[in-house]
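Subject: Structure handover

Hello,

Please find the structure below. My notes on what was found in it follow.

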Amino acid sequence: MQQMHSSAGGVGDTSAALHRDRRSRWKEIHCTGDIPQGRIGHTVTVHGASTMYLWGGVNENMERESKYLDDFYRYNFEKKEWREVPLLMDKPQGRAFHSAVMHQGCMVIFGGCNGRGRFNQVYRINGETGVSTQVNPTTDAPSTRYCHTAVMHDNKMVVFGGKCGGRNSNKRLADMYSFDLETATWTVVDATGDKPCSRSAHICVVYCGKMLMFGGRNADGRCCEDLYEFSFSNNEWRKVEVPAMWSNLFVRARHSVVVHNDKLVTFAGWNGKKKLNDLFQYNLDSQTCTLLHDSDENDPTLPCRRECHSAVMVGHSMVLFGGRFRGLFMNDNYEYVLDPISLKEFCRMYIAAHSAHIHYNQPRYGLPTSLAQYVRMYETRELSSDERKALEASKKK
């Protein structure tokens, strides 16, 4: 045991140094300008390499009454400066727990709720000019909802799930819609495969032409622990089997997730029992987890426990804003610097993104066996569940 903790660089020292390094990567950002109020249930989107937009959310006044916000902010990552942008024309009502995506320089907002009702309208906000425009759909819109998700794919906003009842209702959704931002047309996505259960307060992100979803609260109000992959090419869901030793990390809602290289990086949230401030990453290719640090409210170097905050990727940094813990609505900014991409990760990401177009001659070009196996793995990922089962059965014969 003494050898593990020796000053000569034993295993214990290496582990302790790695532990300190992972925690020390958190840095609080001291911002200037028009600092937004603390809030939860807001949305943030990234425009270009140096700009983030923030809209909406909710906090509480001195009488602990909910105050739904309709303010819009532009944040400059390089200057670390906030600027409030007055909205013009069709200004949407204040709301929270809506969704937002970026399209052609505009933040596109859908759904949400406030103290007076729930919404299913679409708004476009130009972050530079402040011009806000309600988009009138040419087909029937989805039902009103909040605590849902939306992602962008092929000029379409894809919406999944959410909550449609009142604040204390457990009525949750598992439907899926696509909104074409060029034609203003809503379309029901007729998905197949391992369909997820209804849920709200989950997370969806896009990676290599697929949508990944995990967490949230199910129809019973319990936190989900499953991870799903949706293929845009064939509208099929596939449940990703997470090894049991890591499944507890996925039990959460109201968390934040970003994609960095080939990893899902998850911070904080609520696991049904307590608020969290842990950080872990899931490697999408090797299907392994790394706990970067556990929850710890006694470590001043970490952001405090929180839920209903936001996170975005800028370069190699995950940037946080806001959230709530013990009744405090926060307006702090934190940055966590992640590792840059390795050559191996770059090759894997290239294969993942271009697997349908990769053709190689193994004997002639001598592709390493591990990479050849990796290419074959991605060739099967585009197959339907029935086709995969047939392929696996043929290999066993």
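The accessible surface of the protein is about 19200 Å², and carbon and sulfur atoms hold 49% of that (areas are from the Shrake-Rupley method with a 1.4 Å probe, and for residues only the protein chains shown count as cover). This is a predicted model, in which local features need pLDDT of at least 70 and side-chain atom pairs pLDDT 80 or more, while totals for chains, interfaces and linings use all residues. Residues are numbered from 1 along each chain as its sequence is written, and side-chain values use heavy atoms, without hydrogens and water.

Overall, the protein has 5 helices and 31 strands (DSSP runs numbered from the N terminus: H or I of at least four residues, E of at least two). Of its 397 residues, 51% count as buried (under 20% relative accessible area with a 1.4 Å probe, protein chains only; exposed is over 50% and partly exposed is in between). Among contacts with a separation of 6 or more, 54% are between residues 24 or more positions apart (contact is heavy atoms within 4.5 Å).

The largest nonpolar core has 17 residues, and Leu227, Phe250, Leu264, Tyr282 and Cys289 touch the most other members (a core is a set of buried Ala, Val, Leu, Ile, Met, Phe, Trp, Tyr and Cys residues joined through side-chain atoms within 4.5 Å). Two or more residues come from each of β21 (203–207), β22 (210–214) and β27 (275–283). Strand β21 gives the most, with 3 residues.

Cys204 lies in strand β21 and counts as buried because its relative accessibility is 10%. Beyond four places in sequence, Cys204 is in contact with Thr149, Val151, Met211, Leu212 and Met213.

There are 18 aromatic pairs in the structure (Phe, Tyr and Trp rings, the six-membered one for Trp, with centres within 6.5 Å; planes under 30 degrees apart are stacked, over 60 edge-to-face, the rest tilted). Phe250 and Phe280 make an edge-to-face pair, at 5.3 Å centre to centre and 65 degrees between the planes. Phe250 sits in the loop between β24 (236–240) and β25 (256–260), and Phe280, 30 residues apart from it, in strand β27. Phe250 also pairs with Tyr282: the centres are 5.6 Å apart and the planes at 85 degrees, so this pair is edge-to-face. Phe250 is buried, at 0% relative accessible area, and Tyr282 is buried at 1%.

Elsewhere, ring pairs link Tyr73, Tyr75, Phe77, Trp82 and Phe321 into a cluster.

Regards
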